[in-house]
Amino acid sequence: MIRNLIFDFGKVLVDYDFQQLITQFFSETEKEAEKEFLDIITSDEFLDQCDLGEMNLEELVNHYTERYPKFSREFRMFNDRYIEFVLGEMPGMRELLTRLKKMGYRLYGLTNWCSVVHEVMRRYGIFDLLDGRVVSSEEKLIKPDPAIYRCLCERYSLKPEECLFTDDKEKNVAGAKSIGMEAVVFTDAETYRKDLARITGNAEI
């Protein structure tokens, strides 16, 4: 029986968009440079280092500024305005989580995010609904490493077979399944509600 619902943060509880803000760093005549900078900060290498937390965000930005000095201004703006990448809560999710919590489900977060996530959590009330959370940069582990899913289970005494995990990335869903959790790819609140109703057999969801 599913008792615990586990949610990724980005693109599941809150939305974000790197490009929308990065465009503001460059003029209309700097599109090639804009693409190059965007490719750097959205690369798996950069994001994994950011989420792993072995350096805090400012240290990581300084490291990359040394590698790419021509983008020193843009990296500083990236650091100073990082919180602006988050656009708001995902539509319908706060209402859905509120209802699920009233139905008796326990709600948890499991996210790959740097230490700035705490500022995000302070800004958006949806995070107050969570009964617990594990953040990659605090544990020095990132999804889809099975160890980070086990960390959540051990911390909150959860049985994997009683958990449903959702994430917008298929590889992270596969990571949850590898330790025995039910897991689905997230697209939007209504699809998730239908997936949960199907998996639990509860038509009232």
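Tutor: We may begin with helix H6, whose buried residues are covered by elements that include strand E1 (4-7), strand E4 (106-111) and helix H11 (189-200). Please keep in mind that this is a predicted model.

Student: Which residues of H6 are buried?

Tutor: In helix H6 (residues 93-102), they are Met93, Leu96, Leu97 and Leu100.

Student: What makes these residues line one face of the helix?

Tutor: Viewed down the axis of H6, the buried residues lie within an arc of 95°, so they line one face.

Student: Which exposed residues does the face of H6 turned away from the buried side carry?

Tutor: That face carries Glu95 and Lys102. Just after H6 comes Gly104, with a positive phi of about 105°.

Student: Let us turn to helix H3. How do you know that its buried residues are on the same side?

Tutor: The buried residues of H3 (residues 44-52) are Phe46, Cys50 and Asp51. They span an arc of only 120° around the axis, which places them on the same side of H3. Among the elements covering them are helix H2 (31-41), helix H4 (57-67), helix H5 (72-80) and helix H8 (136-139). H3 is followed by Gly53, which has a positive phi near 75°.

Student: Why is Leu47 called partly exposed?

Tutor: Leu47 is in helix H3. Its relative accessible area is 24%, whereas buried requires a value under 20% and exposed a value over 50%. Leu47 is therefore partly exposed. Leaving aside neighbours within four places in sequence, Leu47 is in contact with Phe18, Ile41 and Thr42.

Student: Why does Glu162 count as buried?

Tutor: The relative accessibility of Glu162 is 17%, and the cut-off for buried is under 20%. Glu162 therefore counts as buried. Glu162 is placed in the loop between helix H9 (146-156) and strand E6 (163-167). Not counting residues up to four places away in sequence, Glu162 touches Met1, Ile2, Arg3 and Asn4.

Student: What makes H3 roughly antiparallel to H4?

Tutor: H3 and H4 pack at an angle of about 150°, and their axes are 9 Å apart. Angles over 145 degrees count as roughly antiparallel, so H3 is described in that way relative to H4. The crossing of H3 past H4 is right-handed. H3 contributes Glu45, Phe46, Gln49 and Cys50 to the contact, and H4 contributes Leu57, Leu60, His63, Tyr64 and Arg67.

Student: How many residues of each class has the contact of H3 with H4?

Tutor: By class, the contact has 5 nonpolar, 2 polar and 2 charged residues.

Notes:
Residues are numbered from 1 along each chain as its sequence is written. This is a predicted model: local features need pLDDT of at least 70, side-chain atom pairs count only at pLDDT 80 or more; totals for chains, interfaces and linings use all residues. Side-chain values use heavy atoms; hydrogens and water are left out. Buried means under 20% relative accessible area, exposed over 50%, partly exposed in between (1.4 Å probe, protein chains only). Helices (H or I, at least four residues) and strands (E, at least two) are DSSP runs, numbered from the N terminus. The arc is that of the directions from the helix axis to the C-beta atoms. Contact means heavy atoms within 4.5 Å. Axes are lines fitted to C-alpha atoms, for helices over the stretch in contact, and angles run from 0 to 180 degrees between N-to-C directions. Angles under 35 degrees count as roughly parallel, over 145 as roughly antiparallel, 65 to 115 as roughly perpendicular and the rest as oblique. A crossing is left-handed if the near helix is turned anticlockwise from the far one by less than a right angle, and right-handed if clockwise. Ala, Val, Leu, Ile, Met, Phe, Trp, Tyr, Cys and Pro count as nonpolar, Asp, Glu, Lys and Arg as charged, and the others, Gly among them, as polar.
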